[in-house]
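Me: I'm new to this one. Could you walk me through how to read it?
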Amino acid sequence: MLKTLLIALAVSIAAPAAAQTAAPGKVIYIHAGALLDRPGQAPRGKSTIIVQDGKVVEVRDGFLVPPATAELIELQDKFVMPGLVDMHVHLWGIGGDPVRARLAEMTQDDADDLIVAEVNARKTLDAGFTTVRDLGGNPRGIRALRDAIERGDLEGPSIINAGQMISITGGHGDGTNGLAEEWADAVHKHQINTCDGPDDCRRAVRAQIGLGAQVIKFAATGGVLSNVAGGLGRAMTPEEMRAIIDTAHGFGRKVAAHSHAAEGTRAALEAGVDTIEHGTFLDDETIRLFKAKGAYLVPTMIAPVTALAQARGGALPPATIPKAEAAAAAALASHRKAIAAGVKIAFGTDTGVSKHGENAQEFALMVKAGMTPAAAIRAATISAADALGRDDIGTLTPGKRADIIAVSGSPLEDVTRLEHVAFVMHRGIVAHAAQ
């Protein structure tokens with residue numbers, strides 16, 4: 001009997017939580033004044049979206065009269081489109097205020113940070129981002145938040161989580177950097193995301209997957225915000241990168257590489273990485289490799305702008321200041337070059353450096369770097385879905401998830417309209433109603 005109970009308990013723990021959507025069988029009609037159902041194509045005029053069981057069932061021209069049993073949502077004066085995807089966020093902890101975050105480190109524990117992450121998730125959903133890739137936070141905490149949202153217990157975007165970023169000792173991601181000895185020793189005893197050498201890096205990947213990571217992130221180079229000198233050059237060896245990527249791919253996980261220096265980006269691309277985060281210093285050879293390998297660049301353009309302002313304002317440690325200056329100076333030129341060359345771009349912000357809920361400010365920076373509003377929107381919908389390996393989001397076509405947002409006026413004419421989202425539906429449930 002005891003054995004049977006233990007087996008049942010194990011099965012219940014291992015089984016994925018069932019996603020909660022709208023009431024089963026409930027039909028919702030949405031009247032859209034304009035509809036961008038397939039980003040990259042021309043928008044439709046007056047349209048009706050029919051939603052059932054959390055999915056798009058049908059899209060029809062004109063305003064259809066719903067049956068008496070259906071719910072009607074009127075967005076006749078709105079521009080309707082798929083929910084947005086942010087490929088690079090950090091929901092865990094205080095975002096956009098590094099001084100406050102550092103002060104809180106000694107007084108807040110994981111329970112406090114989980115509550116903060118819940119608030120950040122809600123701000124993100126209200127801003128129109130219905131799916132995010134969380135690239136670094138407490139592994140167990142983000143996993144719990146991910147599953148609670150999936151069950152419908154909490155409101156927030158669907159989360160694809162990386163757990164902790166894998167880093168070499170002393171690299172960008174080593175939590176002991178800059179700590180006094182007694183605190184560094186305490187952190188080191190519990191730290192499992194640092195690795196040195198290919199075999200140890202394989203262990204680090206497996207450890208994050210064991211904690212529930214759905215994607216793996218590693219630091220190919222130094223980072224701006226880590227409290228350690230040493231610049232932004234390549235940190236990991238090519239052999240360590242290959243070990244990480246091959247191990248993750250063997251588990252069916254995609255891999256993201258934090259990378260600034262071109263040498264680190266080239267090594268990660270050669271090793272088969274799926275996305276490059278930041279890509280601050282790009283040369284012709286690196287751009288050629290992007291195209292040859294089919295990898296995505298996630299530019300996170302708002303991050304260096306924000307970090308530079310924080311560094312110059314005295315909100316970051318002295319070791320970060322020269323790195324922030326160098327990254328901000330190079331990023332825009334590199335991203336312009338990549339866009340002009342046709343490198344595949346997926347939308348990502350590194351929110352957590354900047355403030356949660358302000359993710360859409362990235363769109364204006366993408367346009368400044370040479371993308372059209374239509375291309376920037378595609379990067380946050382269809383391209384992001386492709387980079388994630390997801391076929392259920394990115395468009396509003398039959399069979400896709402009913403992740404739907406609406407804004408006042410066409411963002412194809414003024415992309416900053418996406419900074420003021422008027423309506424959000426996530427998996428068929430209205431999370432933010434139009435006023």
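This is a predicted model: local features need pLDDT of at least 70, side-chain atom pairs count only at pLDDT 80 or more; totals for chains, interfaces and linings use all residues.

Me: Okay, which cysteines are joined by a disulfide?
Reply: The general idea is that a disulfide is a covalent bond between the sulfur atoms of two cysteines. Here C195 is linked to C201, with 2.3 Å from S to S. Searching the whole structure turns up one disulfide. The link of C195 and C201 is right-handed, with 80° about the S-S bond.

Me: Is C201 buried or exposed?
Reply: C201 has a relative accessible area of 0%, so it counts as buried. C195 is buried too, also with 0%.

Me: How much space lies in the largest cavity?
Reply: Rolling a probe the size of a water molecule over the atoms shows where empty space is left. In this model, the largest cavity holds about 50 Å³. Its lining includes P82, T130, I393, R401 and D403. Sorted by class, that lining has four nonpolar, five polar and two charged residues.

Me: What about strand β7: which residues sit on each side?
Reply: In a regular strand the side chains alternate between the two faces of the sheet. For β7 (residues 158–161), S158 and I160 are on one side, I159 and N161 are on the other, and all are buried.

Me: And how many bridges join β6 to β7?
Reply: Four, and the two strands run parallel.

Notes:
Residues are numbered from 1 along each chain as its sequence is written. Side-chain values use heavy atoms; hydrogens and water are left out. A disulfide is a pair of cysteine sulfur atoms within 2.5 Å. Buried means under 20% relative accessible area, exposed over 50%, partly exposed in between (1.4 Å probe, protein chains only). On a 1 Å grid over the protein atoms alone, a cavity is a set of points where a 1.4 Å probe fits but cannot get out, and a pocket is an open set with protein on both sides within 12 Å along at least five of seven lines; lining residues have an atom within 4 Å of a point. Grid points are joined across faces, edges and corners, and a volume is the space filled by probe spheres set on the points. Ala, Val, Leu, Ile, Met, Phe, Trp, Tyr, Cys and Pro count as nonpolar, Asp, Glu, Lys and Arg as charged, and the others, Gly among them, as polar. Two strands pair if DSSP finds at least two bridges between them.
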